[in-house]
Amino acid sequence: MIRQYELVERVKAYDPSADEELLNRAYVFSMKAHGSQTRASGDPYFLHPLEVAGILTQLKLDAGTIATALLHDTVEDTVATLEDIEKHFGKEIARLVDGVTKLSRLELHSEQAKQAENFRKLVLAMSEDIRVLLVKLADRLHNMRTLFHLKNPDKRKRIARETIEIYAPLAERIGMHQVKDELEDLSFAELNPDARDSILAQLSRLRTEGENRVQRIIQELRGTLAEEGLPNAGVTGREKTAYSIWRKLQRKNVSFEQLSDIMAFRIMVDTVPECYQALGVIHAHYPVVPGRFKDYISTPKPNGYRSLHTGVIGLERNRIEVQIRTSDMHEICELGVAAHWAYKQGEPRTQQGREYRWLRELLDILEHAQKPEEFLEHTKLELFQDQVFCFTPKGDLIALPRGATPVDFAYAVHSEVGDHCVGAKINGRMLPLRTQLQNGDQVDIITSKAQTPVPGWERFVVTGKARARIRKFLRTQQRTQYIELGRAILQRQFKSEGYEFSEKALEGVIKIFQQPSADDLLASVGSGLHSGREVFHAVFPGHKPHVATPKEGDDKNAITVPKPKPKVKGHNAPLPIRGLIPGMAVHYARCCHPLPGDRIVGIVTTGKGVTIHTIDCETLESFHESPERWIDVAWDIGPDSPEEHVGRISLVVNNEPGSLGTLSTVIGKNGGNITNLKITSRNTDFFELLIDIDVKDAKHLTNIMAALRATPAINAVERARGR
């Protein structure tokens with residue numbers, strides 16, 4: 001156990017001006033508050049906050065952070081209150097303790113929702129003061145070091161998984177690589193002990209066999225650098241961690257023996273120009289491995305990491321990885337953001353937390369995520385992936401996860417740019433928005449005020465911010481659509497029964513349907529959770545059902561009559577579907593691909609709104625027993641409407657050179673655009689195909705089919721039904 005005077009001496013050793021009285025009071029207060037409490041190991045509980053404080057002294061953090069570490073569990077696990085902390089230690093320490101306490105309060109629960117809520121609070125707290133995260137990481141590190149004392153294996157695995165999925169990536173993001181490596185290794189030991197033991201055994205064998213080789217490489221590099229004017233350059237060798245080797249084995253799908261960069265050699269020089277001089281020396285003396293050079297000095301990582309990385313064929317034809325940096329860079333590489341808080345003689349400490357772009361990105365995700373679980377999902381996307389570095393036309397650097405697209409880039413620039421993105425130039429060329437960006441790409445986003453996020457974007461974006469923003473917009477639009485659709489359904493239901501619809505009438509029944517407001521009730525009707533008939537009978541419980549005559553035609557008859565009905569104004573007018581966004585409140589059935597001009601009917605689908613079918617679609621047979629789900633609808637699309645719809649046709653084409661070219665030419669000349677093509681059957685004489693074509697309406701598709709029938713290479717053309 002670290003004695004009181006020993007802890008104070010540790011802090012005073014690197015910060016002579018540290019508040020000694022604050023540290024003494026925090027030590028005594030915490031020890032008395034925890035009293036006789038013990039941990040799973042049987043040790044006094046006070047040993048835990050003391051060890052957390054000890055970890056932070058190794059990072060040379062200020063006295064306020066050390067005091068917070070000593071006190072971080074008092075509010076949660078003892079009778080002490082936040083008011084007591086503020087009274088004895090001031091507002092700043094109380095705020096830091098409160099930030100860490102909020103994070104710990106839910107950790108004993110394994111449900112994902114509570115884990116997500118816990119992490120949401122972490123992001124909020126560390127956005128105010130990054131020292132909250134530093135204390136939390138030290139707390140988690142000591143808990144992982146003592147994890148083996150827990151008897152419940154499920155609990156150990158849950159904590160280890162949470163550590164490797166959330167806390168280790170966070171440590172990496174703030175540049176604390178030592179902490180990250182240890183958290184990963186301890187988690188790996190719990191989650192996959194066999195794999196870890198196997199890798200450690202292999203490393204031990206290589207260490208024994210190649211000990212002299214490593215020393216020879218170090219000596220050779222030192223000699224080469226000294227000969228070229230860098231006699232003071234230091235060279236060390238560092239073994240990769242078992243977990244990083246495991247991830248590389250999985251990612252590259254190779255065996256352990258095939259890995260060539262298990263060792264990394266580090267060259268330490270005094271200045272930035274000497275970094276590039278050392279790089280030139282290494283490249284001049286050894287063959288370079290293509291694609292392995294990375295310059296993180298001119299373009300630092302988002303966490304502040306700066307270094308030169310290269311791969312060369314070194315001594316005995318071995319591939320080796322070389323990192324070149326200055327001592328200042330090395331401090332940032334090892335301590336990350338903690339280095340900004342570390343005491344330096346004559347230099348004031350400044351908080352750097354708000355300078356971290358990724359932290360602002362997490363706050364944006366937090367703002368747009370609907371539920372804590374969704375926030376956690378998006379954040380894992382943000383933290384886990386390797387990065388690519390791209391540039392704006394003005395030369396600003398944007399760091400993105402690997403696999404990111406121009407839409408991700410647009411949202412990284414600004415949320416409004418993402419919302420209004422219509423296209424992108426990558427290195428001067430117009431390319432699709434789903435194009436994956438590469439390191440060094442210059443991306444120019446083209447925007448339009450008329451553009452809004454597209455539902456399909458969610459399928460290819462990879463950043464949490466982009467996905468959260470798109471989902472939020474779609475939820476808002478979907479709710480508006482459901483409200484409009486629900487209002488139209490109720491208006492039609494009320495009129496068919498001889499009543500005038502009024503939203504005021506809904507106020508008295510919203511409790512019956514357990515909805516907080518009239519708009520929520522309208523949205524539930526629009527989404528199919530409740531039918532218009534249910535709501536009507538709730539408003540008028542004594543109403544006798546209206547008996548339709550053949551002349552009037554009830555809903556079911558109006559829908560199932562095969563004859564087209566003129567669009568009329570009045571109580572039985574079809575519900576227009578113009579303006580209701582496909583994919584939100586309205587879905588076009590893929591079994592029949594309805595087009596403007598087709599006779600159509602709507603089927604209310606629970607939780608999805610209305611699905612539009614053609615009147616002769618075979619799928620409708622399954623809904624004959626549910627007449628309340630049928631809605632009489634009609635197209636309300638003018639002749640100048642720019643909206644396009646997908647029409648599907650089946651063809652039999654001659655199996656001869658040029659047939660497919662002729663087919664696509666005919667469709668293109670007639671204003672159609674092929675969006676999908678599938679060959680369903682082929683033989684020596686014919687191909688049978690299914691083709692999806694963007695068309696304006698049914699008449700447009702009919703014209704294309706007529707042109708195809710007049711083409712000698714086409715044997716048969718029909719409007720396709722089914723998926």
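Look at glycine 237 to begin with: its bridge partner in E2 is phenylalanine 265. That belongs to the pairing of strand E1, residues 234-239, with E2, which is antiparallel and runs over 6 bridges. Strands here are DSSP E runs of at least two residues, helices are H or I runs of at least four, and both are numbered from the N terminus. For two strands to pair, DSSP has to find at least two bridges between them.

Before I go on, this is a predicted model, so local features need pLDDT of at least 70, and side-chain atom pairs count only at pLDDT 80 or more, while totals for chains, interfaces and linings use all residues. Residues are numbered from 1 along each chain as its sequence is written, and side-chain values use heavy atoms, with hydrogens and water left out.

Back to E2. It also pairs with strand E5, residues 319-326, in the parallel sense over 6 bridges. There, alanine 264 stands opposite glutamate 321 in E5. Buried means under 20% relative accessible area, exposed means over 50%, and partly exposed is in between, using a 1.4 Å probe and protein chains only.

For the overall picture, the protein has 26 helices and 20 strands. Of its 723 residues, 49% count as buried. And if you take contacts between residues at least 6 apart in sequence, 66% of them join residues at least 24 apart; contact means heavy atoms within 4.5 Å.

Now, which residues of H4 are buried? Ala63, Gly64, Thr65, Ile66, Ala67, Thr68, Ala69, Leu70 and Leu71. That's 9 of the 9 residues in the helix, which runs 63-71.

Next, a helix pair. H9, residues 131-145, and H11, residues 177-191, pack at about 35 degrees with their axes 10 Å apart. The axes are lines fitted to C-alpha atoms, for helices over the stretch in contact, and angles run from 0 to 180 degrees between N-to-C directions. H9 passes H11 in a left-handed crossing, meaning the near helix is turned anticlockwise from the far one by less than a right angle; clockwise would be right-handed. From H9 the contact takes Leu137, Arg140, Leu141, Met144 and Arg145, and from H11 it takes Glu182, Leu183, Leu186 and Ser187.

On to the aromatics. Rings of Phe, Tyr and Trp (its six-membered ring) pair if their centres lie within 6.5 Å; planes under 30 degrees apart count as stacked, over 60 as edge-to-face, and the rest as tilted. By that rule we get 9 aromatic pairs. One of them is phenylalanine 494 with phenylalanine 536, edge-to-face, 5.2 Å centre to centre and 85 degrees between the planes. This pair links distant parts of the chain: phenylalanine 494 sits in H21 (464-496) and phenylalanine 536 in H23 (532-539), 42 residues apart. Phenylalanine 536 also pairs with phenylalanine 540, tilted this time, at 5.2 Å and 50 degrees.

Phenylalanine 540 is partly exposed, at 23%. Phe494, Phe501, Phe536 and Phe540 form one aromatic cluster.

Last stop, strand E19, residues 686-695. It's mostly covered, with 8 of its 10 residues buried. Strand E17 (645-654) pairs with E19 in the antiparallel sense over 10 bridges, and valine 653 has phenylalanine 687 as its bridge partner in E19. Strand E18 (673-682) is joined to E19 by 8 bridges, also antiparallel, with asparagine 676 opposite aspartate 692 in E19. A hairpin of 3 residues takes E18 into E19.
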